6 protein chains.
Amino acid sequence: MSLTENELLELLKLPTGNICDANDKCGNMDPAIKPVDPKTKMAGPAYTVRCQPGDNITIHKAIYEAPKGSVLVVDAHSYIGAGPFGEIMAIASQKRGLAGLVIDGACRDASEIEELGFPVFSRAINPGGTVKESVGETDLVIQCGGVVVRPGDIVVGDRDGVVVIPREKARTVLEKAKAIADREAQVTEMLLQGKTILEIYQFEKLKG
Amino acid sequence: MSLTENELLELLKLPTGNICDANDKCGNMDPAIKPVDPKTKMAGPAYTVRCQPGDNITIHKAIYEAPKGSVLVVDAHSYIGAGPFGEIMAIASQKRGLAGLVIDGACRDASEIEELGFPVFSRAINPGGTVKESVGETDLVIQCGGVVVRPGDIVVGDRDGVVVIPREKARTVLEKAKAIADREAQVTEMLLQGKTILEIYQFEKLKG
Amino acid sequence: MSLTENELLELLKLPTGNICDANDKCGNMDPAIKPVDPKTKMAGPAYTVRCQPGDNITIHKAIYEAPKGSVLVVDAHSYIGAGPFGEIMAIASQKRGLAGLVIDGACRDASEIEELGFPVFSRAINPGGTVKESVGETDLVIQCGGVVVRPGDIVVGDRDGVVVIPREKARTVLEKAKAIADREAQVTEMLLQGKTILEIYQFEKLKG
Amino acid sequence: MSLTENELLELLKLPTGNICDANDKCGNMDPAIKPVDPKTKMAGPAYTVRCQPGDNITIHKAIYEAPKGSVLVVDAHSYIGAGPFGEIMAIASQKRGLAGLVIDGACRDASEIEELGFPVFSRAINPGGTVKESVGETDLVIQCGGVVVRPGDIVVGDRDGVVVIPREKARTVLEKAKAIADREAQVTEMLLQGKTILEIYQFEKLKG
Amino acid sequence: MSLTENELLELLKLPTGNICDANDKCGNMDPAIKPVDPKTKMAGPAYTVRCQPGDNITIHKAIYEAPKGSVLVVDAHSYIGAGPFGEIMAIASQKRGLAGLVIDGACRDASEIEELGFPVFSRAINPGGTVKESVGETDLVIQCGGVVVRPGDIVVGDRDGVVVIPREKARTVLEKAKAIADREAQVTEMLLQGKTILEIYQFEKLKG
Amino acid sequence: MSLTENELLELLKLPTGNICDANDKCGNMDPAIKPVDPKTKMAGPAYTVRCQPGDNITIHKAIYEAPKGSVLVVDAHSYIGAGPFGEIMAIASQKRGLAGLVIDGACRDASEIEELGFPVFSRAINPGGTVKESVGETDLVIQCGGVVVRPGDIVVGDRDGVVVIPREKARTVLEKAKAIADREAQVTEMLLQGKTILEIYQFEKLKG
């Protein structure tokens, strides 16, 4: 039950905050994983990678395995002492039609990546070089940024961070997120008209 | 002995570096607490909050308790796994006339907050959702970013970070900070005219 | 075997990623050490400093000892609780013709430093004040950001971070980095023409 | 395909290092998660819990849901500002016949837990109190210490840390780990007889 | 309203977990601050110190200012690159009749401190040397380990960590902590007799 | 100017605190690098290693290159997601007559290492498996735990941590450290006789 292209476009218009709330308040990655360019937005099904720290050969492999529209999600063991993803790979990923990349690790060539407009989320930026020795695994269940990611789960990223939606709940989460966004627009309207949050939400806990 | 509105405006024109020096070189928070928008500036008396990690009900409460012009200072136990302050609350805070918010924790809706122009300083940005269950405390002595904050202490924030001035010293610190800024303008002038820092400051320690 | 001014200009045109690769994939600092202004670029021989945490007198001294064109590299023991380098010192450094500063510690006056256009790389930004008591050492072998730095080693910084090239290998590294950049331009060209990385690099490891 | 009691006893006799190697060199948690008592050993199928940070009601619930012999694996969002597991709960867990507990968070009552002999692995020890408000989820796929844990996966812990074996590979991993341990005993024997590791392993990479 | 010697002895018999619960679940320090010797227990009124990082002259001063029975609580700005408290100072502290020391920073001479039996809680152990230049402040409100500490607040430490009780609530907290400990003894008894926590606590939240 | 065996034995009797003071208060590693067994003591000339994170082949090589009596000092890029040194390698190191190992990374088989009595200092303990692919460098200037280490520098470790003495200053530092230890014994004697530190040290800074 993957999302259609139109549904992914709808997701892209919603803030990750609303999406996370709709997703049972789960699936948000460690906030150390941030977009290279804060104006970045991306959404797509995960294609997962687990590689040795400081070794990027598996990412090269995954770029050519992942279906068009995928977000590569790479567990590089939180190692930030080198940058296994850079300009060349960003160009290759764009050529392949990938939707973006999240790495629990570092990237490099931040300026070039920003100029290309390819969405990259990483734990750090590091010009450090990597080796190409140990071929890791792709298309498996991994953790990335403290979140479980399965192939095909929907990955959404914006300035606030990255949220992972279980594939089987993706459509439901999209609908709930739209409803939350609508409700928030109403709440905003009411606030601007002079109502208070306390009146609007009627918090039980704050009453006598 | 709170500051007048004019005095707060004077504080806003001074860099936090000068203010911190005038404040016995103290009161600067952990530098992990940063403005959402680096162009942000804010100054005002603290209204303090201590809440359970991952629970934002107490912040909702505080928005409506804090006097106009206050800076909300929230001890969220340094928890950054969720973002208990976002767009809706920023709008409500603006409506209430609050001067800004500092949270030892995370916020979300960074782009929206930046667009609103409401000053927010946080340890991280995280789209993660929060619960609204445990009502914490407000208007008490707390720590935030490794600094003791008492209700009414003056909180100043700019791109460099956040500095807390004990309320009873606020006027003295303002005067000292202005004097330091004046002195630094003179030093800058002398540097541009070709003098060296060593000549200007005559460091005892650097002499034979 | 220091680099000529022309060679330093050539280095400035290369991304630190290529330089690091040419430098035996070494010399890249901890990615927590970042430019105050992401548009910053700098290159020059290191003039090294080791100072007590929270004490900036040795940096003042070094500004006037370092040869024109130097990059000050300061081991402040990774202490980020105060900002021992700010606007006044940036102006003094510019007046002295220094090429930039890297500090394993914090700086302050970020906005002013950005406006001056003086390249500063630091672990954090903190308005906290420092003392001027303990005179440390200059012109010695230090570590900074997890990298060994000797006086005269070539220090290059850009948005991706800081790389240190051993002085005796500087010319070789420059030549190799240029060759790598040329090769990467060719690879980019081939990618744009439709070739894949796998075809271009013919990874042995990815073959059956 | 769960392991029998005898197989679990066999696992307990093997160091987690050998088990991890047999487990495709995967499944080892963040080393910040350590045993309260370094003499601790435990092995059993996971019963998983995800709870709000600083709230332990879900752990109470899980103690009574988990099958006898289970290891409770708790994702408390890495929050270490309070200790949601302590003496009372350790006694209850022992009474229920649980095999141990791993928490991506903190515990308290370390001395009492050590005296009881109940195996507890945690990211920290903190006497801080928790609330009992938000009921989280149990018996679901979680992350703990940067590792994906599914209900029924086999969790093994000793002084070196915690390793998680996918349930469907558990028997194979046990067999491989025993083979590795046997091989290591032979290698040890050869080393003591004067052979070198280089001779024994004949590293291809170290040859010309 | 300081505690009597007998009351301090009563506190020493209670686990810090119970004390923290009685203290409105507050006052527990960052768990990185740990006893040098896990068998350590201490309780006494705080005598507070704020010193420059890497400089221990203020601690020397405080040892001779603090009243007999005090716990020295030192804000060393979380700096752990040197150890400003060691064997000589532990002997001096014992001679002066101090009850212990907590430092938001490092200590050294861990083996000697353990042998002396003087209670020391620190963020790290580091043999690094300190200077004796900048005299800081004593007997003021500080933060230590993320907790506000005022002179005379009661500081309790055991293996689980350090808890700070506001001086004016100390007697009440002691009484509540004893009641909690009594209640926990009853709960333990009930658990051993076969009751479950769910029966004993009758959690509202866990009911339909 | 290496130290004789007798001189190394003298170093072993001195606390690292005294040695660090004698070493210009420098050379102490990041306190996260701790002995596996707190009773450990070691001293010897450094044999240095730089290896890829998560890859231990270079350590195997170094064990057989290092001269008898050496301390292996390994820069594993602070990566603690796997344990590249364990029991087999400890046995091999003992067989080769090495004095100990320091790794800016993790080790495993902590219990076995403790039983063997081979001194190991590491940033973490992790059962995670490593690969044997990328041969790194040995016998070069490295950083380890934030300290520059050159081949032949003297490395001393005890419960407090690790200190590195530049080889050319080793004899002088030993003499100074012995003098400091003698002086401290006198100070201890004076303290026990009732003198105060303030009388003994006559701190200028604490006067008037």
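Between chain B and chain A of this predicted model, an area of about 2,400 Å² is buried, and carbon and sulfur atoms give 62% of it. Buried area is the accessible area (1.4 Å probe) that two parts lose on being put together, summed over both. Tyr64(B), Ile88(B) and Pro127(B) supply 26% of the area that chain B buries against chain A, more than any other three residues. In the model, local features need pLDDT of at least 70 and side-chain atom pairs count only at pLDDT 80 or more, while totals for chains, interfaces and linings use all residues. Residues are numbered from 1 along each chain as its sequence is written, chains are lettered from A and ligands numbered from 1 in the order in which they are written, and side-chain values use heavy atoms, with hydrogens and water left out.

Contact (heavy atoms within 4.5 Å) joins 30 residues of chain B to 27 residues of chain A. Three salt bridges are found across this interface, a salt bridge being a side-chain nitrogen of Lys or Arg within 4 Å of a carboxyl oxygen of Asp or Glu. One of them pairs Glu133(B) with Lys205(A), with the closest N and O atoms 3.3 Å apart. Two or more residues each on the side of chain B that touches chain A come from α3 (57-65), α4 (87-95), α5 (110-116) and β5 (120-125) of chain B. Helices (H or I, at least four residues) and strands (E, at least two) are DSSP runs, numbered from the N terminus. The largest share of that side, five residues, comes from α4(B).

Chain B is superposed on chain A by a rotation of 120 degrees with 0.0 Å of shift along its axis (RMSD 0.0 Å). This is the relation of a three-fold axis. The C-alpha of chain B nearest the axis belongs to Ala32(B), 6.6 Å from it. Superposition is by least squares on the C-alpha atoms of residues with pLDDT of at least 70 in both copies.

Chain A also meets chain D, with ten residues from chain A and ten residues from chain D in contact. About 720 Å² is buried between these two chains, 61% of it on carbon and sulfur atoms. Two salt bridges are found across the interface of chain A and chain D. Lys205(D) and Glu133(A) form a salt bridge through their side chains (3.1 Å, N to O).
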